[in-house]
Amino acid sequence: MTALRLEAMTLLEQIPEENLVKVLAALKKFIRHEDPFWGEENQKHLRESIRELNEGKGQEHDLIDA
């Protein structure tokens, strides 16, 4: 178990059980708001990309070494 996960579990254990659902909902909302991956624009782009791949419109590329 990573240190961050252990810390998160420790903090969650300190929250009264009746408040856990509210805390987790707020955390999920915060993560989606702060993380660009969950942004509406990126999600739309991902759905469109998946649709195109499923239609056979994907293009294979070599991996880029960084």
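Which residue forms a salt bridge with arginine 51, the closest N and O atoms being 2.3 Å apart? In this predicted model, the partner at that distance is glutamate 48. The chain holds 3 helices and 0 strands, and a search of the whole structure finds 3 salt bridges.

**Fold and overall dimensions**

- From the N terminus on, the order of elements is α-α-α.
- The radius of gyration of the chain is 19 Å, whereas a compact globule of 66 residues would have a value near 11 Å.
- The C-alpha trace extends over about 50 × 30 × 20 Å along its principal axes.
- Of the 66 residues in the chain, 2% are buried.

**Charges and salt bridges**

- Side chains of opposite charge can pair when their charged atoms come close.
- Arginine 51 and glutamate 48 both belong to helix α3; because they are 3 residues apart there, about one helical turn separates them.
- Arginine 51 has a relative accessible area of 34% and is therefore partly exposed; glutamate 48, with a relative accessible area of 34%, is partly exposed as well.
- Arginine 51 also meets the side chain of glutamate 55 in a salt bridge, with an N to O distance of 2.8 Å.
- Glutamate 55 in turn forms a salt bridge with lysine 57, at 3.1 Å from N to O.
- Glutamate 55 is partly exposed at 43% relative accessibility, whereas lysine 57 is exposed, with a relative accessible area of 55%.
- Through shared partners, these salt bridges join Glu48, Arg51, Glu55 and Lys57 into one network.

**Nonpolar surface patch**

- Leu24, Leu27, Phe30, Ile31, Phe37 and Trp38 form a nonpolar patch on the surface, and together they present about 560 Å² of accessible area.
- Within this group, tryptophan 38 is located in the loop that links α2 (20-34) to α3 (40-54).
- Tryptophan 38 counts as partly exposed because its relative accessibility is 37%, a value between the limits of 20% for buried and 50% for exposed residues.

Methods:
Residues numbered from 1 in each chain as written. Predicted model: local features only at pLDDT ≥ 70, side-chain atom pairs only at ≥ 80, totals over all residues. Heavy atoms only, no water. Patch = residues over 30% accessible without salt bridge, like charges linked within 9 Å, V, L, I, M, F, W, Y side chains within 5 Å. Areas by Shrake-Rupley, 256 points an atom, 1.4 Å probe, with all protein chains shown as cover. Salt bridge = Lys/Arg side-chain N within 4 Å of Asp/Glu carboxyl O. Helix = DSSP H or I, 4+ residues; strand = E, 2+ residues; numbered from the N terminus. Buried < 20%, exposed > 50% of the residue type's maximum accessible area, 1.4 Å probe, protein only. Rg over C-alpha atoms; globule rule 2.2 N^0.38 Å.
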